[in-house]
Amino acid sequence: GEFSHLVLMAAFDCIDDTKLMKQIILTEIIEALPNLIENKYGKKVLVYLLNPRDPAHTVPEIIKLLQQGDGNTHRSDLFAFYMTGIVFRDLAL
(Lines give C-alpha, C1' and ligand atoms only; values in the text may rest on other atoms or scores of the structure.)
Protein backbone atom coordinates (compact mmCIF):
# COMPACT_ATOMS: atom_id res chain seq x y z
CA GLY A 1 0.00 0.00 0.00
CA GLU A 2 0.86 3.64 -0.07
CA PHE A 3 2.59 3.57 3.32
CA SER A 4 3.09 -0.14 4.05
CA HIS A 5 6.14 -0.26 1.80
CA LEU A 6 7.82 2.18 4.19
CA VAL A 7 7.25 -0.24 7.07
CA LEU A 8 8.95 -3.00 5.09
CA MET A 9 11.86 -0.76 4.16
CA ALA A 10 12.35 0.17 7.82
CA ALA A 11 12.10 -3.48 8.86
CA PHE A 12 14.79 -4.44 6.35
CA ASP A 13 16.99 -1.74 7.83
CA CYS A 14 16.64 -2.51 11.51
CA ILE A 15 15.50 -6.09 12.22
CA ASP A 16 18.60 -8.25 12.52
CA ASP A 17 16.85 -11.59 13.12
CA THR A 18 17.24 -13.16 9.66
CA LYS A 19 15.35 -16.33 10.65
CA LEU A 20 12.34 -14.30 11.76
CA MET A 21 12.50 -12.09 8.66
CA LYS A 22 12.67 -15.16 6.42
CA GLN A 23 9.70 -16.81 8.12
CA ILE A 24 7.49 -13.75 8.27
CA ILE A 25 8.41 -11.37 5.46
CA LEU A 26 10.75 -12.88 2.89
CA THR A 27 8.53 -15.91 2.22
CA GLU A 28 5.58 -13.58 1.63
CA ILE A 29 7.61 -11.40 -0.73
CA ILE A 30 8.73 -14.44 -2.70
CA GLU A 31 5.18 -15.77 -3.00
CA ALA A 32 3.88 -12.36 -4.05
CA LEU A 33 6.78 -11.54 -6.38
CA PRO A 34 4.70 -11.47 -9.61
CA ASN A 35 2.21 -9.09 -7.98
CA LEU A 36 4.93 -6.93 -6.42
CA ILE A 37 6.57 -6.40 -9.77
CA GLU A 38 3.29 -5.04 -11.14
CA ASN A 39 2.60 -2.76 -8.16
CA LYS A 40 4.31 0.64 -7.86
CA TYR A 41 4.79 0.27 -4.09
CA GLY A 42 5.88 -3.35 -4.45
CA LYS A 43 8.51 -2.22 -6.93
CA LYS A 44 9.79 0.29 -4.37
CA VAL A 45 10.35 -2.53 -1.88
CA LEU A 46 12.16 -4.68 -4.44
CA VAL A 47 14.33 -1.79 -5.62
CA TYR A 48 15.13 -0.99 -2.00
CA LEU A 49 16.34 -4.55 -1.48
CA LEU A 50 18.50 -4.33 -4.60
CA ASN A 51 19.89 -0.87 -3.91
CA PRO A 52 19.07 0.42 -0.43
CA ARG A 53 18.65 4.17 -0.03
CA ASP A 54 19.52 4.95 -3.62
CA PRO A 55 18.52 8.61 -4.08
CA ALA A 56 17.44 7.80 -7.63
CA HIS A 57 14.65 5.63 -6.20
CA THR A 58 14.09 6.87 -2.65
CA VAL A 59 13.19 10.43 -1.73
CA PRO A 60 15.62 12.26 0.60
CA GLU A 61 13.05 12.55 3.41
CA ILE A 62 12.65 8.76 3.54
CA ILE A 63 16.41 8.20 3.42
CA LYS A 64 16.86 10.63 6.33
CA LEU A 65 14.15 8.86 8.31
CA LEU A 66 15.70 5.44 7.69
CA GLN A 67 19.15 6.72 8.68
CA GLN A 68 17.90 7.06 12.24
CA GLY A 69 18.36 3.28 12.58
CA ASP A 70 21.92 3.19 11.25
CA GLY A 71 23.30 1.81 14.51
CA ASN A 72 22.41 -1.72 13.37
CA THR A 73 25.77 -3.42 12.73
CA HIS A 74 24.16 -6.28 10.79
CA ARG A 75 22.52 -4.08 8.16
CA SER A 76 24.70 -5.02 5.15
CA ASP A 77 24.51 -8.71 6.06
CA LEU A 78 20.73 -8.50 6.08
CA PHE A 79 20.47 -7.15 2.54
CA ALA A 80 22.75 -9.91 1.27
CA PHE A 81 20.54 -12.45 3.04
CA TYR A 82 17.31 -11.03 1.60
CA MET A 83 18.58 -10.90 -1.95
CA THR A 84 20.09 -14.40 -1.79
CA GLY A 85 16.71 -15.77 -0.76
CA ILE A 86 14.88 -14.02 -3.59
CA VAL A 87 17.43 -14.76 -6.31
CA PHE A 88 17.97 -18.43 -5.47
CA ARG A 89 14.24 -19.00 -5.15
CA ASP A 90 13.71 -17.66 -8.67
CA LEU A 91 16.57 -19.68 -10.12
CA ALA A 92 14.95 -22.84 -8.73
CA LEU A 93 11.74 -22.13 -10.66
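1. The chain's secondary structure amounts to 6 helices and 0 strands, and from the N terminus the elements run α-α-α-α-α-α. Helices (H or I, at least four residues) and strands (E, at least two) are DSSP runs, numbered from the N terminus.

2. A word on provenance: this is a predicted model, in which local features need pLDDT of at least 70 and side-chain atom pairs count only at pLDDT 80 or more, while totals for chains, interfaces and linings use all residues. Residues are numbered from 1 along each chain as its sequence is written, and side-chain values use heavy atoms, with hydrogens and water left out.

3. On confidence, pLDDT (the predictor's confidence in each residue, from 0 to 100) has a mean of 79 over the chain, with 75% of the residues at 70 or more. Helix α3 has the highest mean, 92, and helix α6 (residues 75-92) the lowest, 54.

4. Of the 93 residues in the chain, 33% are buried. Here buried means under 20% relative accessible area, exposed over 50%, and partly exposed in between (1.4 Å probe, protein chains only).

5. The largest nonpolar core holds 14 residues, and Phe12, Ile25 and Ile29 have the most contacts inside it. Two or more of its residues come from each of α1, α2 (18-31), α3 (33-38), α4 and α5 (60-66), with α4 giving the largest share, 4 residues. Such a core is a set of buried Ala, Val, Leu, Ile, Met, Phe, Trp, Tyr and Cys residues joined through side-chain atoms within 4.5 Å.

6. Helix α4 deserves a look of its own. Its buried residues are Tyr41, Gly42, Val45, Leu46, Tyr48 and Leu49. Seen down the axis of α4, they fall within an arc of 155° (taken from the directions from the helix axis to the C-beta atoms), so they line one face of the helix. On the face turned away from that buried side sit the exposed residues Lys40 and Leu50.
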